[in-house]
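Please keep the structure open while you go through them.

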Amino acid sequence: MTRKYFGTDGIRGRANGVITPDLALKVGQATGLAFRRGDHRHRVVIGKDTRLSGYMIEYAMVAGFTSVGMDVMLLGPMPTPAVAMLTRSMRADLGVMISASHNPYEDNGIKLFGPDGYKLSDEVESAISKLIDSDLSPRLSTSPTLGRAKRIESAHARYIEFAKRTLPRNMSLEGLRIVIDCANGAGYKVAPEALWELGAEVISIGVEPDGFNINKDVGSTAPDALIAKVKELRADIGIALDGDADRVLIVDELGQVVDGDQLMAVIARTWQEDGRLTQPGVVATVMSNLGLERYLAGLGLSLARTAVGDRYVLEHMRSHGFNLGGEQSGHIILSDFGTTGDGLVAALQLMAAVKRQDRPVSEVCHCFEPLPQILKNVRYKQGQPLAEKPVVTAIEAAREMLGESGRLVIRPSGTEPVIRVMAEGDDRDLVMRAVDDIVDAVTKAAA
């Protein structure tokens, strides 16, 4: 199966380098043709984040889709989960999100959703890749059957109402002072508005996108600005979204960061008490902390682990009937409500627990003490450093060193040329030594 274009989360790379107008046009044509089923008028919804390159890619994709007879509905800057939701709600044949998520503005990407709002399978992506590389000119539409494009003005209001309805009936956020950091990204309009409409006092940062500042010193990958603002204003909670608002991190009233593992623990406990878990467990990735696994076991809940990537979490959830899963990075998937990670909806579920327990966020969200976990990245230019004999030897030695009391995860990133080395265990010094030994070996192999 070819993975020439698609990584773990769609197509991603340097804008106008990897993600060129030519590629975007071909992706539009190939995907449009792959989803032409039946004689009805086909249509696609397209959302984007706030990167400057979004205009270039958006219009190139519009040209691609309309050239194969698909009508296009443009949503403008919208969170990834909103695009997934609106794809289903508006009975579109396809959904497209133009975003590189938490990456810097120089990058961009294309995420694709089927008519059910779910990301595409590896098999479908492989078929699209083959179409991209083929001659599509004989399959283009004739002049009378070309597609049309229009902007949808009601998209923001529809998503805000959807998000609000995920809370219990009549629940208000009145009395909560919330700082929301939208990373100068796709959620900069809808997230503060939704929180305000639910009754909260809302202070917004990261809501002045200029095409260049997405994720720059703000958002879930750079929480220092949010921590400072929460402390300055003595807020009850801080919420940090990433560039496309499909992931979230929380900052409690003391300025402490709450990651995705703690969020899953809170929601799992709350939903278990309410009888809302469809299976007695949670789905996470190999990167989730061993402390989460032990905490869930204490509740009588399992932790199923998948490869890194919210798509793999979701695939396991769907095939085994789970309705709660996610990643330590803050992708929280609540399949009762949506088909992908949703930072705003996950934050609302946490605040529902805070309101119900009437306790500070720091108490509600500190479910377990995380085990020491060290993650380091090694950038490389080419080749396969993990296949080098000294690296293999170092990995084997580290596994033996950690033994049964720890875990080791080494993997190449699916979105950039980086090897990620993670270890965790009860002994921090041992964990650090295991990671450093592997990083040294990989660095030498990469050089």
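Predicted model: local features only at pLDDT ≥ 70, side-chain atom pairs only at ≥ 80, totals over all residues.

The points below move from the overall division of the chain to individual elements and then to the cores.

1. The chain is divided into domain 1 (11-152), domain 2 (158-365) and domain 3 (373-446). Taken over C-alpha atoms, the centres of domain 1 and domain 3 are separated by 37 Å.

2. On annotation, the UniProt record, an unreviewed entry, lists residues 3-135, 158-255 and 259-367 under "domain: Alpha-D-phosphohexomutase alpha/beta/alpha". In the model, residues 158-255 are 26% helix and 20% strand, with end C-alpha atoms 33 Å apart. For residues 259-367 the corresponding figures are 50% helix and 15% strand, and the end C-alpha atoms lie 11 Å apart.

3. Helix α2 covers residues 53-67, and its 15 residues reach 21 Å from the first C-alpha to the last, which is close to the 21 Å expected at 1.5 Å a residue. The helix is mostly covered, since 11 of its 15 residues are buried; among them are S53, E58 and T66 as well as I57, M61, V62 and F65. These buried residues pack against α1 (21-34), and also against the strands β2 (43-48), β3 (71-77), β4 (94-98), β5 (107-113) and β6 (149-151). Just after α2, G69 takes a positive phi of about 90°.

4. Strand β4 deserves a separate look, because five of its five residues are buried, under the cut-off of 20% relative accessible area. L94, V96 and I98 point one way from β4, whereas G95 and M97 point the other way. In a regular strand the side chains alternate between the two faces of the sheet. The strand has partners of two kinds: β2 runs parallel to β4 and is joined to it by five bridges, while β5 pairs with β4 in the antiparallel sense over four bridges. V96 takes part in both pairings, standing opposite I46 and having L112 as its bridge partner in β5.

5. How does I46 itself sit, buried or exposed? I46 belongs to strand β2, and it counts as buried because its relative accessibility is 0%. Leaving aside residues up to four places away in sequence, I46 touches E58, M61, V62 and F65, then V72, M73, L74, L75 and G76, and also V96 and I98. I46 and L226 are 180 residues apart in sequence, and their C-alpha atoms are 30 Å apart in space.

6. The largest nonpolar core has 73 residues, of which I239, I250 and M351 touch the most other members. Helix α11 (residues 343-357) gives the most to this core, with 10 residues, and the core draws at least three residues from each of domain 1 (11-152) and domain 2 (158-365). Apart from it lies another core, of 31 residues, which includes I11, A60, V62 and L131. In soluble globular proteins, nonpolar side chains tend to be buried together.

7. For anyone inspecting the surroundings of I239, its contacts, not counting residues up to four places away in sequence, include I178, V179, I180 and D181. I239 also touches L195, L226, V248, L249 and I250, together with A347 and M351.

Methods
Residues numbered from 1 in each chain as written. Heavy atoms only, no water. UniProt positions renumbered as here; feature names shortened; annotations may be inferred. Expected span 1.5 Å × (residues − 1). Buried < 20%, exposed > 50% of the residue type's maximum accessible area, 1.4 Å probe, protein only. Contact = heavy atoms within 4.5 Å. Core = buried A, V, L, I, M, F, W, Y, C linked by side-chain atoms within 4.5 Å. Domains from an automatic or database assignment. Pairing = 2+ DSSP bridges.
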